[in-house]
Amino acid sequence: MTDQTVPTDAVRLRSTLDAVPAYKPGKPAPRREGVTTYKISSNENPYPPLPSVLKVVQDAAAGMNRYPDMAVTGLTRMLADSLDVTPAEIATGTGSVGVLGSLLQITCEPGDEVVYAWRSFEAYPIVVALAGATSVQVPLTADARHDLDAMAAAVTDRTRLVLVCTPNNPTGPAVHTGELEAFLAKVPHDVLVVIDEAYLEFVTDTEAPRAMDVFRAHPNVAVLRTFSKAYGLAGLRVGYVVAHEPVAEAVRKAAVPFGVSTIAQEAAVASLAAFGELQERVDALVVERTRVLAGLRAQGWDVPDSDANFIWLPLGDDATSFAKVAEEAGLVVRPFGGDGVRCTIAETQANDRLLQVADDFRDG
């Protein structure tokens, strides 16, 4: 029986938690009578699962009473073959965020520093704080891109890890090969540089780096990827890192045991096998992205280029009010107060509505 005289907040929790911001997920689209509503706040793939992938998931579900393969053998081998690396250079986990958490655990002691651009992926300050490390946030340039010179200057003897999000979430631009190589030449060889490529498949910028080539040329580079976006497996939580063997081995050691479920592994394997079909969907989203960017610019919006499956409206203090107007129109977007609004490229009808809302808001 609980002693009612003891206060419920008496349990000692880590003081680190005081510095951990709460993750704010994209809001679901509310049901509205007579109006089709759209959720474009979470960068999800709007297409349903491929029938071949769905069949594999259904079959795998029959074995959910058994633990999954802890080594994620089938997916690891398939990734290694497709990327021309060894299985020992692959580590998987529960989405790219789960893998990133392990990367921080293996590199950072309390008080160590992690350098990354800001604004960037909002999970970064959370996982850094949970590791007991200190975030060093380097402002983006005026055109919403990484300032790699400033990031290099921010590296100190306490820096243990640097994150390069390309294309950058939530603003969209990718870093370029030349500037990335110049940056890496300035970073000490004992600092791990993680290239976060969650949106790799949507990249069309010809100056964007080939991250695997960068990985092979630099022993302190790792490449982080996910099956949540282009592959449409956001609900199954599977991601991976390509890292040189000592780093990959440490990530596997730090990972949650059995983190990647059998269903997730089988779906990822099936999705890799069916990427020709998935590529058609990616191409269609890129066409829509181009159309939306052109439409916004024709309305007079100054929007940055995007190599992801979303676009960025740099609205500053008007971000929250734009989100409210969009929701009234049946469109849920992702505001970042004081900075801007991220809008996922989704169904054609949703994109049309975004253009209409943006036009009305600008005229208003």
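**From an annotated lysine to the cores and rings**

Lys-229 is placed in the loop between strand 7 (221-226) and strand 8 (239-242). The model is a predicted one, and for this lysine the UniProt annotation, from an unreviewed entry, reads "modified residue: N6-(pyridoxal phosphate)lysine". Since buried means under 20% relative accessible area, Lys-229, at 17% relative accessibility, counts as buried. Not counting residues up to four places away in sequence, Lys-229 touches Ser-42, Asn-43 and Asn-45, and also Ala-198, Tyr-199 and Phe-202.

From here the reader can turn to the nonpolar packing. In soluble globular proteins, nonpolar side chains tend to be buried together. In this model the largest nonpolar core has 50 residues, and those with the most contacts inside it are Met-151, Val-162, Phe-183, Phe-227 and Val-242. Helix 9 (residues 262-273) gives the largest share of this core, five residues. When neighbours within four places in sequence are left aside, Val-242 is in contact with Leu-83, Val-85, Glu-89 and Ile-90, as well as with Met-212, Phe-215, Ala-222 and Val-223. Apart from this core lies another, of 34 residues, among them Leu-285, Val-286, Leu-313 and Ala-323.

The aromatic rings come next, and the structure holds eleven aromatic pairs. In one of them, the rings of Tyr-116 and Tyr-124 have their centres 5.5 Å apart and their planes at 65 degrees, so the pair is edge-to-face. Tyr-116 counts as buried because its relative accessibility is 0%, and Tyr-124, with a relative accessible area of 0%, is buried too. A further pair that is edge-to-face is formed by Phe-322 and Phe-361, at 5.1 Å centre to centre and with 75 degrees between the planes. This pair links distant parts of the chain, for Phe-322 is in helix 11 (residues 319-328) and Phe-361 is in helix 12 (residues 348-363), 39 residues apart. Phe-322 has 0% relative accessibility and therefore counts as buried. Returning to the tyrosines, Tyr-116 and Tyr-124 belong to a cluster in which ring pairs also link Trp-118 and Phe-121.

The charged end of Arg-334 sits over the ring of Phe-336, 4.4 Å from its centre, while the charged end of Arg-362 sits over the ring of Trp-301, 5.4 Å from its centre.

Technical notes:
Residues are numbered from 1 along each chain as its sequence is written. This is a predicted model: local features need pLDDT of at least 70, side-chain atom pairs count only at pLDDT 80 or more; totals for chains, interfaces and linings use all residues. Side-chain values use heavy atoms; hydrogens and water are left out. Rings of Phe, Tyr and Trp (its six-membered ring) pair if their centres lie within 6.5 Å; planes under 30 degrees apart count as stacked, over 60 as edge-to-face and the rest as tilted. Buried means under 20% relative accessible area, exposed over 50%, partly exposed in between (1.4 Å probe, protein chains only). Helices (H or I, at least four residues) and strands (E, at least two) are DSSP runs, numbered from the N terminus. A charge sits over a ring if NZ of Lys or CZ of Arg is within 6 Å of the ring centre and within 35 degrees of the ring normal. A nonpolar core is a set of buried Ala, Val, Leu, Ile, Met, Phe, Trp, Tyr and Cys residues joined through side-chain atoms within 4.5 Å. Contact means heavy atoms within 4.5 Å. UniProt positions are given in the numbering used here, feature names are shortened, and annotations may be inferred rather than shown by experiment.
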